[in-house]
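User: I am new to this structure and would like a close look at a single part of it, starting from one residue and what surrounds it. Please set out the terms as you go.

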Amino acid sequence: MIESQSAESQIVFSPVTAFEAIERQIKSLCLKDFPCGEGSWREERIINKLPTKNLGKSKNPKLVKKKDPYIVDSADKESVEVLQELIRSELSPWHLESSWSAEAEKLRRVAVQTPWLLKEETIFSYLKTVKIYDQGVVTVDKKLLKLKNLEELILSANSISSISSENLPKSLKKLELHANQISDISGLCISPPPLEHLGLGRNILTSIDEHITGACWPYLVSLDISHNDLCDLVKVISVLETLTKLRHLVMNGNPLSLIPAYRGFTIDSLKHLMVFDDIHLSVDEKLSFNKLARAKDTIIEEAQIYIEIPSIKGIPCPDEIKFKDTQPEYPVVDRKYFLQFMFLEEKVKTTSVIILEAAEQLKLMVTESQETDGVQELTADGLTSDKQNEVLLENKQSEYYAEPIELMPIGDEANKEEIHQIVSLSCCKLFCEATPESHLRLVPIKTNTFSWAPEQSLNIAVDIKRQNLLPLRDFFKHGMDFSLMEQLVVSYPTGHEAKEDKGGKGKDKSKEPKKKKDDVDLLKSKPVLATIASFHLPLENFLDGEYVCKNVFTAEELPAPLPAVPVEQDKINAKTKEKRKDSASPSDKNKNAKKTPTKEDKKKKHSEEPIDFGSDRLELEVIVKLEHWMSTKDAYSEEKTQRVTQDSQGYHLI
């Protein structure tokens, strides 16, 4: 029963023409049904009245029959006033929704007062505004020309792919085609009606060359081409400059709106513009971008994004810190944390550079991706072509959260004095099957690792530039995913120091100095990774004119930290402890015996501050900014030049 109700609630319209959709709306007015129309429910009385034209010409003028709908003879009949109240009152069951046309209510009133005057031609000529939303309209046919007095036509949220101006009435002044599938408007620009407003937002236009010009649209005052696929800002503005009467322009949501010079260059180029992206232009804003239109050479079709992660707190405290006194000497636990996020890959080589902070040169291991037939070599400034310095990227999964970039030492020949290593990720091809946009190529980027702390000040700053504006726009629609990762490496002694001399020969070990813990050769395990928490940051506000997306993510139910010692190894450690106790000499046992605490020991114990293990609630602050120019000076600022910068605990991606 529930399934049938949900199926009925989803109304799906079959493909129709624009005129068929209008006819369907006219039928919904029920102009011939009660209380409208000429039915048995209305009383029409015949009265005698002398004609005014023939008065005085004839001594015995003929009587003329005329209808008087305001006089009621029977109780089962309704007067015109009552019938009008039935269609006008919102509480009446005969009150119909008529927002699709401003003339719909007037037509119903006419159908009550003088229904004999309503004919098909009269109804069509009566309509001046028509709004057809989401009715499955696929084309605009010639029958639309029957609406001779039509001035406003809205066909938003339909499936129109093309439209011809030959099928539009010449009286049309406003045409809205928002949220359709229009990719070509060449047919619309051949002898079009004198439109004052043209709405083409949320379509798939890639160019408006030779179409939206002053020669085709001399009376155009308002234009909406937002959320299309326009990428060339300078080319689009050069076309719009021919529209001398243009005062209202909307272009946000296009890939070109992600360029820093987008707003300033448009405002200074179109001098007569009054409203841009639904924001009224002030005199101060126009003056701030003065003469920017002359600086076309400084405009680069490139977007710049800043990602800031100031701090994090509430990471679950590991056992080696919480129970520090009871931890065994081995294994040595090295537990680190880092943040990983997925970002759009840059297709152009040597445009994306990562600067990583490390104490030694690093190597990124990468296996082949789904499209490549082997391992790709990545070139970047500062790296040699030697195999030891080969930079690779490893992607063992095809999931959304790909394997993070593994950092491993290169070898003895590495220059350990160099802290920063420039690595290019422009050639990495990682595909994300979980994203709705299949053409997007995302690459996982990780920050530097950091140790556990109740509240960690990260101060991570990332600077990203992308020239592929169309996929970047689609990436902003999807948003960015962040993950807090945990990395665990345990180290054990190699064991050759603990081997005893079976023959009893050799040097006397009691005379040899004992090795310190730092001098013991340790065997490190492979890094074990785990995801502590994942967050999603929507970035669609960038397409609506916003320049900052900020959020503080919280998570309370977090997984336990990775165990430092496996269960089997824990049993082995317990057995070795028992053997050591049994083999210990009486003098060693006396040394390890509990001593009675002195007054000085008690004072030290009280003076020690309790360890803060942090809160049980994880909090992560993320700020993403889109670069935009505030004035003409920004176009010539030295800060816009590419340069390598560094951060205290982060990196910059340029």
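Analyst: Leaving aside residues up to four places away in sequence, Arg 202 touches His 178, Ala 179, Asn 180, Ser 226, His 227 and Asn 228, where a contact means heavy atoms within 4.5 Å. The model is a predicted one, in which local features need pLDDT of at least 70 and side-chain atom pairs count only at pLDDT 80 or more, while totals for chains, interfaces and linings use all residues. Residues are numbered from 1 along each chain as its sequence is written, and side-chain values use heavy atoms, with hydrogens and water left out.

Arg 202 sits in the loop between strand 8 and strand 9; helices (H or I, at least four residues) and strands (E, at least two) are DSSP runs numbered from the N terminus. With a relative accessibility of 38%, Arg 202 counts as partly exposed, a class that lies between buried, under 20% relative accessible area, and exposed, over 50%, as found with a 1.4 Å probe and protein chains only. Gly 253 is 51 residues from Arg 202 in sequence, yet their C-alpha atoms are 8.4 Å apart in space.

The loop between strand 8 (197-199) and strand 9 (222-224) also holds Glu 210, which has a positive phi of about 60° although it is not a glycine. Most residues other than glycine have a negative phi, and most peptide bonds are trans. Glu 210 counts as exposed, at 69% relative accessibility. Asn 459 is another non-glycine residue with a positive phi, of about 55°, but Asn 459 lies in strand 20 and is partly exposed, with a relative accessible area of 39%.

Helix 10 (residues 469-478) is mostly covered, with eight of its ten residues buried. Those buried residues are Leu 469, Pro 471, Leu 472, Arg 473, Asp 474, Phe 475, Phe 476 and His 478. After helix 10 comes Gly 479, which has a positive phi near 95°.

Two peptide bonds deserve a mention as well. A cis bond with an omega of about 5° joins Tyr 330 and Pro 331, and Pro 331 is found in the loop between helix 9 (319-322) and strand 14. Another cis bond, again with an omega of about 5°, joins Phe 34 and Pro 35, the latter placed in the loop between helix 2 (18-27) and strand 2 (45-49).

As a setting for these local details, the protein has 14 helices and 25 strands, and buried residues make up 43% of its 654 residues. Among the contacts in the protein with a separation of 6 or more, 75% are accounted for by residues 24 or more positions apart. The accessible surface of the protein comes to about 38,100 Å², and 50% of this belongs to carbon and sulfur atoms; such areas come from the Shrake-Rupley method with a 1.4 Å probe, and for residues only the protein chains shown count as cover.
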